[in-house]
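Me: I am new to this structure and would like to learn how to read it. Please take the features one at a time.

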2 protein chains.
Amino acid sequence: MARPAPRVRHDFRSYATTLESNRQGLILKVSEGAKSSPKRLSQFWLRDQTLWNASIASNPPEVSFDSVMAKGDISGMADLTEKIRGYGMCFVTNTPKTPEATNELLEAIGPIRNTHYGGFYDFVPDLAKADTAYTNLALAAHTDTTYFTEPAGLQTFHMLSHTPPPNKANDDGSLGGQSLLVDGFYAAYRLKKEFPEAYETLREVRLPWHASGNDGVAIVPDRAYPVIEASPYKFHRVRWNNDDRGVVPLNVDVDKWYSAARRWDSILRRKRNEYWFQLEPGRVLIFDNWRVLHGRSAFEGLRRICGGYINRDDFISRWKTSNFPRSEVIAANMQLK
Amino acid sequence: MARPAPRVRHDFRSYATTLESNRQGLILKVSEGAKSSPKRLSQFWLRDQTLWNASIASNPPEVSFDSVMAKGDISGMADLTEKIRGYGMCFVTNTPKTPEATNELLEAIGPIRNTHYGGFYDFVPDLAKADTAYTNLALAAHTDTTYFTEPAGLQTFHMLSHTPPPNKANDDGSLGGQSLLVDGFYAAYRLKKEFPEAYETLREVRLPWHASGNDGVAIVPDRAYPVIEASPYKFHRVRWNNDDRGVVPLNVDVDKWYSAARRWDSILRRKRNEYWFQLEPGRVLIFDNWRVLHGRSAFEGLRRICGGYINRDDFISRWKTSNFPRSEVIAANMQLK
């Protein structure tokens, strides 16, 4: 039985001493450095991020396609982006079971990212693609595109169909292909709490990540990046894919790194942290690839899945512009910390 | 009269003590940290980057469209990508004067990046776009998309036509619209040499960058970034666009930052650092937006310009896979420092 994961508030200690609420909103008194000045922040900026584990299965965040796409009403989009930001994931229900509707949904959030695999995708298993995503194999929880300077922000799966092989029926649920999500920020929180030294190791050691499967493609980020990027007060980004990981640098304690990686992996694989579910036509999954790891069980037959990546910058832009007054967004953006 | 800028070799002091050449190539003895191991590197990995100033006008790097697009012969693509990497820029001559050919050229290098302005672009001045790029105004040397977590890597301009306003002839060169490039790495090199304290200030102080012109769009990077990103041994990336820059953070010495910014700006505006030229149909300009700043003079009439952005990761991938043996590229990528 999975216990609920804790709710974690943003922590402003890094640059504020006091946070007072009054009728106008919240007053943040900035005291970092020599100068200090009070700033008024809308309390809307201070919403929670909720870390989760398997218990999210009983009530996963969802919004309806119609509410998100309603003309002249931004509240459905605000709800969707707020949920993705808060939980790192959201389902969009009652989506028309077509690639066109899925594409339209994604473009309403932000521009679809173009990579060496293309932009909006619509595929069945294809070994010619030289990537495990295009196989029928089970995939352990991982993040996508660890080899980019800026990994994909949002990732989307809309399963349009799952047809059985000729010798099997479709209706007994035996074809496999269950989907898996794990909250990487919750896993990082557990690692920090249970094995603080391992946490620091995965935060400090920068690794080579690379994409080398396709002819004519050999992608690496602009520099080596660690598994966990975080400030003392906030988790920022997780990279985790064994297939993309290069050699652990020889100038660090390699044994220590592998020991830390085993701790991390064991937390990711705990049953109580794994959220398993079945993708269904009409129920689009969108999640934050900087935070949430995804995987699946092996499957038989043919699955047709469409979706796309959206850069995190564009997603955050849509989250802000749909949830907050424009003047506040601009003012806050110009003073980005 | 502009003197030639210096040739700057990559410096491996950060992680190597000795670099020996023998019949097999170069032996790099790695001595950072507790462990050490010799590694064989192809000498091809050690090519120069050439910093430049206005004197590049006498012999700017160029390759022909036909050589780059030759089927079954990678040498033209190798030449193009090596020149962009070495100089931060290259012209592609004798390109068919169409958006289709330009698009084909870019896709041969890598996937075209999709942003809130779209993917491949083909435009004439349009004030509805809420960006200075779409005006007739003069633009001081700047980099594009400073507000993205990962700014655009390559940037392209292909001027398809420049038609005069009704009252003017086309053939006397009086319509304006000269293009400007400045080597940001050379400017950083001068700043470091002449005003080391200003260099450190622009390298250390992280600024808010933002895109706020378009309704429904309010983009900021994942964190604040400095104007100059560099290790002690290598320039990495430059961000510079006054229109995208937010407020200088109050927890730093603001006067010191503005003083450093004035030094930097004065170097960028030195006549001997400015490379001015006229864009022409058939002569495509491609440059590295992480390194080279671009601008233009004001112009009359209508200019039709097409082009697109390519992410730096995809460009570097094409540079490596066209210039080096695949096995060496993969081996080096897996050990990325």
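Me: What should I know before reading any values?

Reply: This is a predicted model, in which local features need pLDDT of at least 70, side-chain atom pairs count only at pLDDT 80 or more, and totals for chains, interfaces and linings use all residues. Residues are numbered from 1 along each chain as its sequence is written, chains are lettered from A and ligands numbered from 1 in the order in which they are written, and side-chain values use heavy atoms, with hydrogens and water left out.

Me: How many helices and strands does chain A have?

Reply: Helices (H or I, at least four residues) and strands (E, at least two) are DSSP runs, numbered from the N terminus. Chain A has eight helices and 18 strands.

Me: What percentage of the residues of chain A count as buried?

Reply: Buried means under 20% relative accessible area, exposed means over 50%, and partly exposed is in between, with a 1.4 Å probe and protein chains only. Of the 337 residues of chain A, 55% count as buried. Among contacts in chain A between residues at least 6 apart in sequence, 77% join residues at least 24 apart.

Me: How do I read the interface, and how many residues of chain A are in contact with chain B?

Reply: In chain A, 54 residues are in contact with 54 residues of chain B. Buried area is the accessible area (1.4 Å probe) that two parts lose on being put together, summed over both. For chain A and chain B this is about 4,300 Å², with 52% of it on carbon and sulfur atoms. A polar contact is a pair of N or O atoms within 3.5 Å; within protein, one must be able to donate a hydrogen and the other to accept it, and residues adjacent in sequence count only if both atoms are side-chain atoms. Across this interface the rule finds 21 residue pairs in polar contact, both residues being at pLDDT 80 or more.

Me: Which elements give two or more residues to the side of chain A that touches chain B?

Reply: They are β4 (37-41), β13 (234-238), α7 (312-323) and α8 (326-334) of chain A. The largest share, seven residues, comes from α7(A).

Me: Which parts of chain B does the pair B:Arg283 and B:Glu62 link?

Reply: The closest N and O atoms of B:Arg283 and B:Glu62 are 2.8 Å apart. B:Arg283 is in the loop between β14 (275-277) and β15 (284-288), and B:Glu62 is in strand β6 (residues 62-64), 221 residues apart. B:Arg283 is buried at 19% relative accessible area, whereas B:Glu62 is partly exposed at 37%.

Me: Where do B:Arg203 and B:Glu200 lie?

Reply: Both lie in helix α5 of chain B, three residues apart, about one turn of the helix.

Me: What caps the N-terminal end of α4(B)?

Reply: B:Asp183 does, with a side-chain oxygen 3.0 Å from the backbone nitrogen of B:Phe185. The buried residues of α4(B), residues 184-194, include B:Phe185, B:Tyr186 and B:Leu191. Among the elements covering the buried residues are β11 (179-183) and α6 (254-268) of chain B.

Me: Is B:Arg239 buried or exposed?

Reply: B:Arg239 is buried, at 1% relative accessible area. B:Arg239 lies in the loop between β13 and α6 of chain B. A polar atom of the B:Arg239 side chain lies 2.8 Å from the backbone oxygen of B:Phe148, and the backbone oxygen of B:Thr149 lies 3.2 Å from a polar atom of that side chain.

Technical notes. Contact = heavy atoms within 4.5 Å. Salt bridge = Lys/Arg side-chain N within 4 Å of Asp/Glu carboxyl O.
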